[in-house]
Amino acid sequence: MKFRLKENLLLGTATAATQIEGGDVNNNWARFASEGKVDDGTSPTRANDHYNRFREDIDLMADMGLEIYRFGVEWSRIEPERGVYSDEALAHYREEIEYMISKGIRPLLTLHHFTNPLWFEDMGAWCNKDAANIFLSFVDKMLDTVGDIVDDYITINEPNVYVTNSLFYGIWPPEKKSIGALVSAFSNMTEAHIKAYELIHKKRKELGKSKEETLVSFANHLRVFEPKNEKNLWHKCAARLTEYLFQSAVTEAMMTGRCRFPVLKRRGVKRGKYYDFIGINYYTRSTCEGIADGVKEGSDINDLGWEIYHEGLIRLCEGLSCKYGREYPIFVTENGTCDNTDSFRSRFIYDQLKLISETDNRIERYYHWSFIDNFEWREGEAARFGIVHCNYETQTRTVKDSGRLYSAIIKNKGVTDEDYERFVMGSSYHK
Ligand code: BGC
């Protein structure tokens, strides 16, 4: 055995509704794509046609032995107009969740993952002062629909990535570059998360579920920030400042209600603990010499040029456990890499899981991003993150070698010498 999987670590995959479902034209990313703004000209209206093929996909997950699945629902399908709910969409999601449970896969439901219904987008989305309440009505409806069968929830995915790309760099819809908008969105998303946390617990209690049976948090995108030159004072300040503005302030606000710039305190937001697990999406390290991302010279990189730095996840987990409580389990709600030809993804999985298994940390669940190649936002279909290949023309699914290795790890509870030789040995990352 090359290594044994950490005891009690559950393995599965993560996806997001807009990135896999196809068909929905009523959300801001479908509109953005229809304006020709996705780099490769593709649109999430195609994606993996998962809305129609969810049984096939879940069957495949079950065949691969996946134990847990993080997925999202498309708000714009459920509430196509403000206050008007689609019975068809609600029934669809209930059926999909019942199906995965019947296959022995534990669902983790994401309520917001980057995409907004057009009606919400056109009223300013997360910058609208009523955003949190508007979101809460939708959350309430979801709980009425699936609250009895879903125990685990993520309110909002990566508020910092959403806000930075949509409202600071202006490279995602609605393409704004405004500090005021950034502050509003951070503040309203914090309010939305905290109130959704409370609402989900309240609704679950009404359904007779105990506090312990309900797990709610958010998926926090975290990076390690480091100065390009350790001895350069400006590089050091840039690293600390970027870290604070991009992630530390909003993490603290969402988790505890303690709001500091760029997050403002909204009415009704009280100090507390708004997490039942620590959810972390981890991809890379940022090497700083200014307020922008950089990549460490000579480091291993993926097909998008992101540094592959496995230790970063362990370092972040240690920091989070120390700050937010060692009693809380950590769920790696996303981790993965863009490898269009699947030439090093097996090594990536091997290296990351080995490190998780051999170091001291509270990680209890690992959701690999992603189950299947999917619509990768601005990069469209060009960037492949899946352990299952998708031929978008024919919608044929083919398990990649990395998917075979992942399955074998679950089955064998570790990596055998044979699997190491077959899948990992001989492969290397880009430089
Ligand atoms: C997002 C996913 C995305 C992945 C890879 C995360 O930031 O939550 O939607 O596909 O990164 O870029």
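The largest nonpolar core of this predicted model holds 122 residues, a core being a set of buried Ala, Val, Leu, Ile, Met, Phe, Trp, Tyr and Cys residues joined through side-chain atoms within 4.5 Å. Trp126, Phe135 and Leu353 have the most contacts inside it. Helix α9 (residues 179–206) gives the most to this core, with 12 residues. Another core, of 15 residues, lies apart from it and includes Ala16, Ile68, Leu108 and Ala383.

**Basis**
- The model is predicted, with local features needing pLDDT of at least 70 and side-chain atom pairs pLDDT 80 or more, while totals for chains, interfaces and linings use all residues.
- Residues are numbered from 1 along each chain as its sequence is written, and side-chain values use heavy atoms, without hydrogens and water.

**Arg365**
- Arg365 is in strand β9 (residues 363–369); strands (E, at least two residues) and helices (H or I, at least four) are DSSP runs, numbered from the N terminus.
- Arg365 is buried, at 5% relative accessible area; buried means under 20%, exposed over 50% and partly exposed in between (1.4 Å probe, protein chains only).
- Contacts of Arg365 (heavy atoms within 4.5 Å) include Leu9, Ile68, Asp152 and Phe331, with residues up to four places away in sequence not counted.

**Nonpolar surface patch**
- Phe168, Tyr169, Ile171, Ile179, Leu241, Leu245, Phe261, Leu264 and Ile291 make a nonpolar surface patch of about 770 Å².
- Patch residues have over 30% relative accessible area and no salt bridge, with nonpolar side chains (Val, Leu, Ile, Met, Phe, Trp, Tyr) joined within 5 Å and like charges within 9 Å.
- A salt bridge is a side-chain nitrogen of Lys or Arg within 4 Å of a carboxyl oxygen of Asp or Glu.
- Accessible areas come from the Shrake-Rupley method with a 1.4 Å probe; for residues, only the protein chains shown count as cover.
- Ile291 is in the loop between β7 (278–288) and α11 (311–324) and is partly exposed, with a relative accessible area of 42%.
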